[in-house]
Amino acid sequence: MHQPALDLHRPVDVLPRMPKDPHPPPRAVPRVHSPGTKGRALRGGFAGAPRYHSDPGRFRDAGARAAERQEAATPLLPPRDSGSRLRPSAPSGPAEAANMPVSKCLKKSEPLWKEWEKKAQKNGPRRQDYAVNGDCYLGEWKDNMKHGKGTQIWKKKGAIYEGDWKFGKRDGYGILSLPDQETGKYRKVYSGWWKGDKKSGYGIQFFGPKEYYEGEWCGNQRSGWGRMYYSNGNIYEGQWRNDKPDGEGMLRLKNGNRYEGYWQRGLKNGSGRFFHLDHGQLFEGFWVDNVAKCGTMIDFGRDEAPEPTQFPIPEIKLLDPDSVLEEALATFKKTQED
């Protein structure tokens, strides 16, 4: 019997490969064209091609069974909510968790200028840092500002500050020194507390070799309670305001005499008593701008006084001296109001 030849240049229709069936059907015999048809080849190309199976329905049953097996082998996933991402289930045990892949998020890179700016900023302790005007600072920094312990040297005045800083300003305890023009050495000018680059709190200010103030400060001015030692030997102790004695205070002179009473704008104003201990007398009355306007003078420790007066003060023979003094005070106050 004559077998027709295969046409190798004609494309062959082949379906996609299906999963292997554990129970394959019997191989089908390819259908062959009649020998009388000359020049035609066997369609299907190879024996057992599914398209030319003798039983098409049986082929469909095998494909359905393969699809069912594939669906059964696929793990079930949780249902996907609308608008949410599909999340995998948590591992059931440590072994499964160890075998799970680890994903790392890449760190977002910042622009180079930000990195350079961080490196250029001053933070922590540093060596000497010079300004354009010649000032020098040695100490700690924070966010490009003087913060912590440090020493500042001002070139123009030659002043030196050693102490605490806070965000670029003197804040805390510190010592300010200036060069002495006579000796050329540094002398202490202020030792105490600062706030906002100004003297605030308790501190000691040295005005000269024998003149200094110790007490409270506010905004670079003596304010509150304080004691002032003057170069002439006088001592004032009491309240201050706007860098001057203001309020109740006592002034002790070098010779031992003293004034106890009220002050205003650095002058005696109001009621007060002046002890003339060198002469053994006491004056008590009312003062206006360091001038006693009215009052009474009596002997006080005249026997112990180093330079007593030649004669004692005679007794006043007024019937009511207190009313006379009150009338004089009322007249004076009325004149001041007018």
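Predicted model: local features only at pLDDT ≥ 70, side-chain atom pairs only at ≥ 80, totals over all residues.
**Exercise 1. Work out how β8, β9 and β10 are joined.**

Take β8 and β9 to begin with. These two strands pair in the antiparallel sense, over six bridges. They make a hairpin with two residues between them, and glycine 219 in the turn has a positive phi of about 60°.

Move on to β9 and β10. Strand β10 spans residues 235-241, and six bridges join it to β9, again with the strands running antiparallel. This hairpin has five residues between its strands, and here glycine 233 in the turn has a positive phi of about 100°.

Finally, follow methionine 228 across the strands. Methionine 228 is the bridge partner, in β9, of tyrosine 213. Methionine 228 also stands opposite tyrosine 236 in β10.

**Exercise 2. Classify two aromatic pairs: tyrosine 212 with tyrosine 229, and tyrosine 236 with tryptophan 240.**

What do you need for this? A pair of aromatic rings is described by the distance of the centres and the angle of the planes. Centres have to lie within 6.5 Å; planes under 30 degrees apart count as stacked, and over 60 as edge-to-face. By this rule the count comes to 18 aromatic pairs.

Tyrosine 212 and tyrosine 229 are 4.7 Å apart, centre to centre, with 25° between the planes; this pair is stacked. It links distant parts of the chain, with tyrosine 212 in strand β8 (residues 212-218) and tyrosine 229 in strand β9 (residues 221-229), 17 residues apart. At 27% relative accessibility, tyrosine 212 counts as partly exposed.

For tyrosine 236 and tryptophan 240, the ring centres are 5.3 Å apart and the planes are at 85°, so that pair is edge-to-face. Both tyrosine 236 and tryptophan 240 are buried.

**Exercise 3. Find the rings over which the charged ends of arginine 170 and arginine 258 sit.**

For arginine 170, the ring is that of tyrosine 161, and the charged end is 5.5 Å from the ring centre.

For arginine 258, go to phenylalanine 275: the charged end sits over this ring, 4.3 Å from its centre.

**Exercise 4. Decide whether serine 200 and aspartate 278 are buried or exposed, and list their contacts beyond four places in sequence.**

Serine 200 is found in strand β7, residues 198-206. Its relative accessible area is 17%, so serine 200 is buried. Leaving aside neighbours within four places in sequence, serine 200 is in contact with Tyr190, Trp193, Trp194, Lys195, Trp217, Cys218 and Gly219.

Aspartate 278 lies in the loop between β13 (267-276) and β14 (281-288). With a relative accessible area of 14%, aspartate 278 is buried. Not counting residues up to four places away, it touches Asn255, Asn257, Ala305, Pro306, Glu307 and Pro308. Alanine 305 is 27 residues away from aspartate 278 in sequence, yet the C-alpha atoms are 5.3 Å apart.

**Exercise 5. Find out how confident the predictor is across the chain.**

Begin with the average: the chain has a mean pLDDT of 78, and 66% of the residues score at least 70.

Over residues 32-54, pLDDT stays under 50, and the model has 31 contacts beyond four places in sequence for them. Residues 82-86 are below 50 as well, with three contacts in the model beyond near neighbours in sequence.

Of its 338 residues, 23% count as buried.

Terms used: Residues numbered from 1 in each chain as written. Heavy atoms only, no water. Phe/Tyr/Trp six-rings, centres within 6.5 Å; stacked < 30°, edge-to-face > 60°. Helix = DSSP H or I, 4+ residues; strand = E, 2+ residues; numbered from the N terminus. Buried < 20%, exposed > 50% of the residue type's maximum accessible area, 1.4 Å probe, protein only. Lys NZ or Arg CZ within 6 Å of the ring centre and 35° of its normal. Contact = heavy atoms within 4.5 Å. pLDDT = per-residue confidence, 0-100. Pairing = 2+ DSSP bridges.
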